[in-house]
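Me: Can you walk me through this one? I'd like to start with the strands and then go on to the rest.

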Amino acid sequence: MGRVSEWMIEQQERGYSEADGDICANCVTDPALKAWVADHLSSTACTFCGDESDDAIAASFDDFVGIVLGGIGFDWNDPDNEGIMYDGREGGYQAPLSDTADVFYNYDISDNDNVVQAVIDAVDTEAWVERDFYRGDDGERLTSGWTWFKHVTMHQSRFLFLKNEGDKYDDDIPPSQMLNVIASIISKDLAPFDFIKTIGEDVNLYRIRIGLTPFETAAEIGPPPLEFATQANRMSPAGIPMFYGAFDIDTAKVETFDVAHHAGQIMSIGAFRALRPLRLLDLAELPDIPSVFADETRKFIHPMRFLHAFAADLVKRIARDGREHIEYVPTQIVTEFFRRVFRDAEGKPLDGLLYRSSRPGAGTACVLFAENDQCAEADFVGKPSKQLLKLHAVTHEECPI
Ligand SMILES: [Zn+2]
């Protein structure tokens with residue numbers, strides 16, 4: 001039996017005492033709990049805020065406690081049900097436990113403490129342990145697989161890790177499988193969410209090059225030609241140039257300008273536009289992690305939690321002190337995978353990635369799989385062959401000092 005089914009059967013055991021009263025949607029915070037109350041109105045008065053109406057405005061609090069407990073049980077379990085070892089001479093349960101208040105106050109059940117306290121009073125379990133404590137839940141297993149992948153590619157096997165199974169532990173995701181697992185999360189597990197964003201031909205993509213003299217052409221402002229692509233970047237290793245850009249000039253500026261190197265120089269700001277619609281994997285605006293209190297979307301919680309952590313990790317600030325040659329390696333491999341191997345649910349390849357700039361106050365940045373000769377000049381006409389972008393306009397500004 002799958003772990004989800006086991007969990008559902010456990011939820012059918014009640015686990016809480018009879019709770020009196022009724023609760024209205026205004027006394028509830030989590031949107032999924034609000035929706036549940038709205039769908040189960042059975043009383044004309046709310047016990048908690050005292051609101052009354054001729055129509056039904058509140059749901060049974062007893063049923064509500066069951067729904068809350070069901071949601072909490074997605075992440076937490078009774079230590080006996082979880083099979084935690086108990087040793088009286090060693091202080092009891094051999095796992096870190098949390099009391100009911102600590103657990104329940106961590107969820108957006110209600111802004112009204114009386115509601116949360118009434119739920120806690122009804123619940124039979126007094127101490128909680130994380131669900132799947134020994135094995136780790138699916139989100140944690142994905143996160144530890146990604147941590148293992150990073151370690152191996154930074155410090156053990158950079159180019160041939162697909163053959164390297166490493167040490168095998170049951171249930172762990174080895175580095176050799178991690179890229180396919182990430183692809184599968186995006187195109188299968190989370191298929192109902194569309195992570196592919198199409199950028200039309202009327203959108204400005206700003207790219208800045210800074211130098212002692214102004215630059216005017218796509219060849220100059222676009223990504224460096226192969227022989228000059230000597231710098232390792234977040235998504236691209238030295239020797240493999242890509243087009244880094246942003247959707248607004250301010251983000252392009254903070255991503256490019258470094259006062260220590262560029263003070264007093266000239267910023268050439270190129271606005272490029274796509275020559276055909278671009279299909280980009282959007283890791284900048286991820287959907288919210290679904291509520292544990294919503295039945296139908298609960299299965300998306302673990303993969304979505306992982307994807308949020310993964311996207312945050314991809315844009316983590318890394319100092320350019322030499323360590324970038326190590327620390328950027330995992331993101332460079334993931335990017336190459338998205339460029340060369342990944343296909344979306346429709347079997348189509350990507351033109352690049354969107355990510356949230358890690359600089360304070362900055363917006364969405366992009367990396368496009370476009371090289372210097374794929375950026376056409378402003379006077380380009382006709383049907384593009386290999387070109388992906390065209391220079392639309394150039395402006396110049398002096399760098400601040
Ligand atoms: Zn109320």
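Reply: Start with a term: two strands pair if DSSP finds at least two bridges between them. This is a predicted model. In it, strand β9 (residues 205-211) and strand β11 (residues 266-274) run antiparallel and are joined by 7 bridges.

Me: Which residue in β11 is the bridge partner of Ile 208?

Reply: Ile 208 has Ile 269 as its bridge partner in β11.

Me: And how many bridges join β11 to β16?

Reply: There are 9 bridges between β11 and strand β16 (residues 389-398), and these two strands run antiparallel. Within β16, Glu 397 stands opposite Met 267.

Me: OK, next one. In which sense do β8 and β12 pair, parallel or antiparallel?

Reply: Antiparallel, over 4 bridges, with β8 covering residues 196-199 and β12 covering residues 278-282. Thr 198 has Arg 279 as its bridge partner in β12.

Me: What about β12 and β13, parallel or antiparallel?

Reply: Parallel: β12 pairs with strand β13 (residues 352-356) over 3 bridges. Leu 354 in β13 stands opposite Asp 282.

Me: Changing topic: helices. At what angle do the axes of α6 and α13 cross?

Reply: Roughly 105°, and the axes of α6 (residues 138-155) and α13 (residues 329-340) come within 8 Å. An angle of 65 to 115 degrees counts as roughly perpendicular, so α6 is roughly perpendicular to α13.

Me: Which residues meet there?

Reply: From α6, Phe 149, Lys 150, Thr 153 and Met 154; from α13, Val 329, Pro 330 and Ile 333. Sorted by class, this contact of α6 with α13 has 5 nonpolar, 1 polar and 1 charged residues.

Me: And how does α6 pack with α11, at what angle?

Reply: The angle is about 30°, and the axes of α6 and α11 (residues 301-314) are 8 Å apart. The crossing of α6 past α11 is right-handed.

Me: Which residues make that contact?

Reply: α6 gives Asp 138, Gly 139, Leu 142, Thr 143 and Trp 146, while α11 gives His 302, Arg 305, Phe 306, Ala 309 and Phe 310. By class, the contact of α6 with α11 has 5 nonpolar, 3 polar and 2 charged residues.

Me: Last topic, the domains. Where are their bounds?

Reply: Domain 1 runs over 3-130 and domain 2 over 197-398. Their centres, taken over C-alpha atoms, are separated by 44 Å.

Me: How many residues of each are in contact?

Reply: 11 residues of domain 1 are in contact with 6 residues of domain 2. On the side of domain 1 that touches domain 2, α2 (31-39) and α3 (61-75) each supply at least two residues.

Me: Which element gives the largest share of that side?

Reply: α3, with 6 residues. The residues on that side of domain 1 divide into 8 nonpolar, 1 polar and 2 charged.

Note on methods:
Residues are numbered from 1 along each chain as its sequence is written. This is a predicted model: local features need pLDDT of at least 70, side-chain atom pairs count only at pLDDT 80 or more; totals for chains, interfaces and linings use all residues. Domain bounds come from an automatic or database domain assignment. Two residues are in contact if their C-beta atoms, placed from the backbone, lie within 7 Å. Ala, Val, Leu, Ile, Met, Phe, Trp, Tyr, Cys and Pro count as nonpolar, Asp, Glu, Lys and Arg as charged, and the others, Gly among them, as polar. Axes are lines fitted to C-alpha atoms, for helices over the stretch in contact, and angles run from 0 to 180 degrees between N-to-C directions. Angles under 35 degrees count as roughly parallel, over 145 as roughly antiparallel, 65 to 115 as roughly perpendicular and the rest as oblique. A crossing is left-handed if the near helix is turned anticlockwise from the far one by less than a right angle, and right-handed if clockwise.
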